[in-house]
Amino acid sequence: APEAHNVCRLLTRRAHGFYAGDAGVAHRKNLGLLRKIICQESTKFKNVWTTHSASPIAYERGRIYLDNYQCCISSIAQEPRILYQKPKCSKSEKIEDALLLECPLGEMLPSPSDYKSSLIVLTVQNWLLRLSADSGEVLEKIYLAGSCCKFRYLSWDTPQEVMVVKSAQNKLPAAARQASIQQSVLFYLAVFQVLPLSFIGMLEINKKIFGNSVTDVAVSNGILIVMYSMGLVRLYNFQAISEQFMEQPFDLGHEFNWNGQVGVVGKYPFGLPCNIKITDTPPLLFEASSLENAFQIGGYPWHYIITPNKKKQKGVFHICSLKDNALAKNGIQEMKCCSLEPDWIYFHPDMSGRIIHVGPNLIKVLKLKEVKNNTDQMEIAEDFTIVANRENSVNNAVTVTASGRVVKKRFNLLDDDPEQETFKIVDYEDELDLLSTVAVTQIGADGNAHLDFHCNEHGILLKSIPLLESWDVTYSHEVYFDKDLVLHIEQKPNRRFSCYVYQMVCDTAKDDE
């Protein structure tokens, strides 16, 4: 009987996805070991490679891209090495945007190349190319459209499943505006299923349908998001729109006859047909007014974060229920800091439903919980905080010189004054479940930065890594923490870019020798 009971338990666990011998369990154990190794005191991160460039530097999953994606360098090896170097491209072949495409698990794909990582790039001439991530070879080519619009941006609707290509905002030339010619189409959106790459549809955002004051548009998680100049944000069901207003579906590579034009879908010169024609205002799911269109949805149950649509309210965040717009208890969050750069807030990317609020010297991780004796209302409670190290404060109002003279300051330092340690970047490493922060102190021209790893559950400091290069707070910076790799990309004035690569080193005794 006990044996039968154990077999039943094993089968039940397998049915729920628990099996000690599967690849997922082994991978999680390996990541747990890697986390322990990284957080050991003896583990160091060594600067193994540095490069400089006159063009932007990009990083995606262990690959560094230089020269407008013409050069790809693997950062996984002990010392970064070139994966491929393509000839310098002309201005007409310039890449505007790119997304890394990774193979889905458990699906049969039509081509062997589909099982390897690839890079989707958008060129200035409206070509969408799928390149091999390891060789740069062109695997697929899709022509989007002629000169009627200029596609510029790539984004995910559903990560690694549905991709959106967005045009720049259509604007008439000055001569046409002077001649009172009207331009009704503001944006074009082309939507694709990926791997295998297939065309879902193209639609236009028309001011006759959505209004004159539209400033931007996006598709995310099946929602069409339309933003307006007065701070209004409106949400629509994109799937319902595509089903209701789809005139005719089209497959890539197939011949079509559309509005008197005969061609091949996705081939030059015809490109893609605009086959989703919105003829009436679609049903509105939700709308909110927020300063600078700042609007986020997350948490459990669903909540949203906005800033009241008044300039004097900048830095004040309201957390409200999506169900009934009710403000959560303690739902008004404000750092009350005096700084040049504003604080920022967002839902934690670990899907815990928590909220991260970052100020110059304080990071607050907040959680939603039910109000005692009132299950219909939620309240915002503090989960934990991370505080900058400002023991050597330089904000003394009174100082005494060597001669004994008392000097009083006539001004107070800002909360993000570079001479005080200030948080600049907060990120989450999902595979290791670590919260990473970059804190900077700059005195004169010399800036010191360190990357800290915190326990994501409790906020405890587990590891601190000094960045050796000087950090100038007036420059633009990106820092990536990707398992055993740390990568710092810096943009200096006059389009000068630098990349610093750090790798984990465990044998410190040998390294010191």
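Predicted model: local features only at pLDDT ≥ 70, side-chain atom pairs only at ≥ 80, totals over all residues.
Leaving aside neighbours within four places in sequence, leucine 99 is in contact with Ser118, Leu119, Ile120, Leu154, Ser155, Trp156 and Met163. Leucine 99 sits in strand S6. Its relative accessible area is 12%, so leucine 99 is buried. One of its contacts is Ser118.

S7 has a partner in strand S6, residues 95–101. The two pair in the antiparallel sense over six bridges. Here leucine 101 stands opposite serine 118. S7 is also joined to strand S8, residues 127–132. That pairing is antiparallel too, with five bridges. Isoleucine 120 has arginine 130 in S8 as its bridge partner. S7 and S8 form a hairpin with three residues between the strands. In this hairpin asparagine 126 takes a positive phi near 70°. Strands of a sheet pair through backbone hydrogen bonds, in either a parallel or an antiparallel sense.

Now step back to the whole protein. It has 513 residues, and 45% of them count as buried. It contains six helices and 36 strands. Take the contacts with a separation of 6 or more: residues 24 or more positions apart account for 47% of them. The protein exposes about 28100 Å². Carbon and sulfur atoms supply 51% of that area.

Four strands form an open sheet in the order S1-S36-S35-S34, with antiparallel pairing. Which strands lie at the edges of this sheet? They are S1 (44–53) and S34 (476–482), and each pairs on one side only. From one strand to the next the twist averages 15°. Within the sheet, S35 (residues 485–492) and S36 (residues 496–505) run antiparallel and are joined by eight bridges. Valine 486 has tyrosine 502 in S36 as its bridge partner.

In one, the rings of tyrosine 59 and tyrosine 480 have centres 5.2 Å apart. Their planes meet at 45°, so the pair is tilted. Tyrosine 59 lies in strand S2 (residues 58–60) and tyrosine 480 in strand S34, so the pair ties together parts that are 421 residues apart in sequence. Tyrosine 59 has a relative accessible area of 6% and is buried. Tyrosine 480 has 24% relative accessibility, so it counts as partly exposed.

A tilted aromatic pair also forms between phenylalanine 295 and tyrosine 304. Their centres are 5.7 Å apart, and the angle between the planes is 35°. Are these residues buried or exposed? Both phenylalanine 295 and tyrosine 304 are buried. Elsewhere, ring pairs link Phe45, Phe453 and Phe481 into a cluster.

Histidine 303 is the last stop. This residue belongs to strand S21, residues 303–306. Its relative accessibility is 2%, so histidine 303 counts as buried. What does its side chain reach? The side chain of histidine 303 comes to 2.8 Å from the backbone oxygen of proline 301. Residues up to four places away in sequence aside, histidine 303 touches Gln296, Ile297, Gly298, Ile319, Cys320, Ser321, Leu322, Ala328, Phe347, Leu368 and Met378.

How values were computed
Residues numbered from 1 in each chain as written. Heavy atoms only, no water. Pairing = 2+ DSSP bridges. Axes fitted to C-alpha atoms, helices over the stretch in contact; angles between N-to-C directions. Buried < 20%, exposed > 50% of the residue type's maximum accessible area, 1.4 Å probe, protein only. Polar contact = N/O pair within 3.5 Å; in protein donor to acceptor, adjacent residues only side chain to side chain. Contact = heavy atoms within 4.5 Å. Areas by Shrake-Rupley, 256 points an atom, 1.4 Å probe, with all protein chains shown as cover. Phe/Tyr/Trp six-rings, centres within 6.5 Å; stacked < 30°, edge-to-face > 60°.
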